[in-house]
Amino acid sequence: MLKIYNSLTNQKDIFVPIDEGKVRMYVCGMTVYDYCHLGHARVMVVFDVVVRYLRELGYAVTYVRNITDIDDKIILRAQENGEDFHALTARFIDIMNEDADALGVTRPDLEPKATESMDDIIAMIAKLVEGGHAYQGGNGDVYYAVGSFARYGRLSGKQLADLQAGARIEVDEAKRDPLDFVLWKQAKPGEPSWQSPWGGGRPGWHIECSAMSTRQLGDHFDIHGGGMDLKFPHHENEIAQSEAATGQPFVNYWMHNGFVRVEDEKMSKSLGNFFTVREILKNYRAEEVRYFILASHYRSPLNYSQENLDNSRAALTRLYTALRGLNPLPGDDEACARYSGLFHEAMDDDFNTPEAVAVLFELAREINRARETDVDRASCLAGEMKKLGKILGLLQSDPDEYLKRQYVMHAEAGEFTFTGSPVTFSTSISEEKIEDLIKERLKAREQKDWAKADRIRDELEAQGVVLEDGPSGTTWRRS
């Protein structure tokens, strides 16, 4: 029985979809004016796993993740670059998709853009104005009247009176209340704009998500997700304006992933510890980054460090080593059923991926014990391991390919690369050279020239290649 920690109730609630067998889920996507950073990667990977597991349980999932392609930051960046904002956002949408694909993130079913949703946005604002929940200020902007929504603050746990006590209105603002937030902004000269009943302008950020989510999923849907930083005010404002406009409950389950920290400090550009996905992929494989994200529970802080990523690399190496040399078969014995049960038990407990990963390691140990005496059983366990790993988006590469990944010198950058991405490995020995040395070592062993055999092993080890002798011969992997 799946339980989800619901930010609205602050407890793990049993998941019951609105429509039996179907799940409608919306996640706040990127504002596309810059490269994806590790925080974006965490959101994409976490909710990718949520969707994968819901589908594993048999639900028909409609997954919507929006794209914010118009806001102040986008306009400013386009002006700084001297380019049309459409060109800017199109470029970074492509970059976002490349990063997501690299991380093994399944594309959402629907990906609405704010600029393509203006009719829905304007219609929702008009409903709010008509219902007395919004008003046009003296400056032409349209504001949401927070005081008109009695349940404001229930998601974040903030009291309206406390918020009002510390709020201030700037001199140039036309709000009636300092907590009121903008729904429609009058366009400044030279800015992109759309026509509306309140003049040419563009939407505020909060109203975009309300209009896009309800357009795609209906006024009342199952799950809304995003980073913890969006809980207030963005998601709080979404609830207020959506429920005021539709008269229905907005979302049943709110999910928020934790913050990203770097060496136990908050990640921020001002501290100089801000990392994009592309920077991280210069030193680590995408699957290692994905494993690193899933090795922590999604609601916990994610601490980025070289040590933690190195640990992820070592962990994947152990798992792939267990799969190596086996032909994965469908797992249908009692042991496979046991591991599948443990895996589902972990994931049913609020998508507990660290515990689910621990089950994969139990399987790896069982495989290593079985492979010497019962290859068929080891192969069945390997099949189960790959099947469960697929739910997490892990262990789908060929084990030999993963363990033997060749690193070559990137002449221009003076760095080592694999599949086009720079990495910091200190060997450029080719796969062919490794195989030749292994044959030479085998010949030395047949001739009982143990000194030469050991010398070849040491030579390969010095170049980052580990040899593993077994009943079926010698295999190797990159260290």
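The legends below describe several views of one predicted model.

The model is predicted, so local features are reported only at pLDDT of at least 70 and side-chain atom pairs only at pLDDT 80 or more, while totals for chains, interfaces and linings use all residues. Residues are numbered from 1 along each chain as its sequence is written, and side-chain values use heavy atoms, with hydrogens and water left out.

View 1. Helices (H or I, at least four residues) and strands (E, at least two) are DSSP runs, numbered from the N terminus. The C-alpha trace spans about 95 × 55 × 35 Å along its principal axes. Of the 479 residues, 52% are buried; buried means under 20% relative accessible area, exposed over 50%, and partly exposed in between, with a 1.4 Å probe and protein chains only. Among contacts (heavy atoms within 4.5 Å) with a separation of 6 or more, 72% are between residues 24 or more positions apart.

**View 2. Strands β1 and β2 form a hairpin.** Strand β1 covers residues 3-6 and strand β2 residues 11-14, and the two pair in the antiparallel sense over 4 bridges. Two strands count as paired if DSSP finds at least two bridges between them. Isoleucine 4 stands opposite aspartate 13 in β2. There are 4 residues between the strands, and asparagine 10 takes a positive phi near 60°.

**View 3. Strand β7 pairs with β6 and with β8.** Strand β7 (residues 181-186) is mostly covered, with 5 of its 6 residues buried. Strand β6 (residues 142-144) runs antiparallel to β7, joined by 3 bridges. Tyrosine 143 has valine 182 in β7 as its bridge partner. Strand β8 (residues 201-203) is also antiparallel to β7, again with 3 bridges. Here glutamine 186 stands opposite glycine 201 in β8.

**View 4. An open sheet of 4 strands has parallel pairing.** Strands of a sheet pair through backbone hydrogen bonds, either parallel or antiparallel. The order in this sheet is β4-β3-β9-β10. Strands β4 (60-65) and β10 (251-257) stand at the edges with a single partner strand each, so one side of each is left without a neighbour in the sheet. On average, neighbouring strands of this sheet are turned by 20° against each other, direction ignored. Axes are lines fitted to C-alpha atoms, for helices over the stretch in contact, and angles run from 0 to 180 degrees between N-to-C directions. Helix α6 (residues 205-217) packs on the sheet and touches β3 (22-27), β4 and β9. The direction of α6 makes about 160° with that of β3. Strand β9 (residues 221-227) runs parallel to β10, and 6 bridges join them. Glycine 226 stands opposite histidine 256 in β10.

**View 5. The largest cavity holds about 70 Å³ of space.** A cavity is a set of points on a 1 Å grid over the protein atoms alone where a 1.4 Å probe fits but cannot get out; lining residues have an atom within 4 Å of a point. Grid points are joined across faces, edges and corners, and a volume is the space filled by probe spheres set on the points. The count is 1 cavity of 30 Å³ or more. Residues lining the largest cavity include Arg42, Val46, Ile293, His297 and Phe351. Helices α1 (38-56) and α9 (286-294) are the elements that give two or more residues to this lining. Helix α1 gives the most, with 4 residues. By class, the lining has 7 nonpolar, 3 polar and 1 charged residues. Ala, Val, Leu, Ile, Met, Phe, Trp, Tyr, Cys and Pro count as nonpolar, Asp, Glu, Lys and Arg as charged, and the others, Gly among them, as polar.

Key:
1 Å grid on protein atoms, 1.4 Å probe; cavity = no way out; pocket = protein on both sides within 12 Å on 5 of 7 lines; lining within 4 Å.
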